[in-house]
Amino acid sequence: MNLDNFKLNSQNTYSIHKKTVDKLRKVKPHQLDKLFHPMHEQVFSEIDCLHCANCCKTTSPIFLQPDIDRLARLFRMKSSEFVETYLRRDEEGDFVLLQAPCPFLGEDNRCFVYEERPKACREYPHTNRKNMYGILNLTLQNTLVCPAVFKIFQEISKEFRK
Ligand code: SF4
Ligand code: SF4
């Protein structure tokens with residue numbers, strides 16, 4: 001996957017996708033889920049995350065306490081030591097990675113803590129979750145990070161131009 005092209009395309013299309021979000025706000029929340037969820041399945045059946053890993057390269061998941069405890073156990077560290085080594089608090093007070101790319105990302109784009117990865121990594125990019133209405137802004141931001149979300153938005157934007 002050419003991530004430089006993706007970056008350029010997603011920035012150039014951002015204003016169109018923003019207008020789509022304005023239209024999506026007028027759709028009933030349960031209808032919105034019906035729009036996103038099949039699109040999520042379709043797009044992820046065509047995209048191989050191992051050819052991308054842009055989320056792991058450029059952003060940080062939030063680490064909840066159970067994530068921290070689980071990963072600390074994996075590294076045979078105390079949770080406080082894990083926090084000190086890998087994490088910081090963001091503006092909202094959540095624990096996030098000190099650095100990007102994620103230190104647990106291998107050169108082959110594989111996550112070497114995959115089985116124990118944070119909940120936020122398991123759920124990213126959240127386009128199959130209930131109540132998409134509540135995360136429209138976050139999802140719009142994710143069009144700049146995730147080629148799958150970008151594709152989902154392109155398809156949905158087409159629907160709204162019909
Ligand atoms: S950015 Fe999206 S497509 Fe790329 S690896 Fe992450 S979830 Fe998969
Ligand atoms: S823990 Fe794994 S899945 Fe999560 S950001 Fe790091 S490399 Fe990616």
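Good morning. In helix 4, Ile 68, Asp 69, Leu 71 and Ala 72 meet Ser 79, Glu 81, Phe 82 and Val 83 of helix 5; contact here requires C-beta atoms, placed from the backbone, within 7 Å. Sorted by class, this contact has 5 nonpolar, 1 polar and 2 charged residues.

This is a predicted model, in which local features need pLDDT of at least 70, side-chain atom pairs count only at pLDDT 80 or more, and totals for chains, interfaces and linings use all residues. Residues are numbered from 1 along each chain as its sequence is written, while chains are lettered from A and ligands numbered from 1 in the order in which they are written.

I turn to the ligands. Around ligand 1, taking residues whose C-beta atom lies within 6 Å, we find among others Cys 49, Cys 52, Cys 55 and Cys 146. Helix 3 (54-58) and helix 8 (147-161) each give two or more residues to this shell. The shell of ligand 1 holds 11 nonpolar residues, 1 polar and no charged.

The surroundings of ligand 2 include Cys 56, Cys 102, Cys 111, Cys 121 and Arg 117. Its shell has 9 nonpolar residues, no polar and 1 charged.

Lastly, Phe 112 sits in the loop between strand 2 (95-97) and helix 6 (119-123). Beyond neighbours within four places in sequence, Phe 112 is in contact with Phe 104 and Gly 106.

Definitions and conventions: Helices (H or I, at least four residues) and strands (E, at least two) are DSSP runs, numbered from the N terminus. Ala, Val, Leu, Ile, Met, Phe, Trp, Tyr, Cys and Pro count as nonpolar, Asp, Glu, Lys and Arg as charged, and the others, Gly among them, as polar. Two residues are in contact if their C-beta atoms, placed from the backbone, lie within 7 Å.
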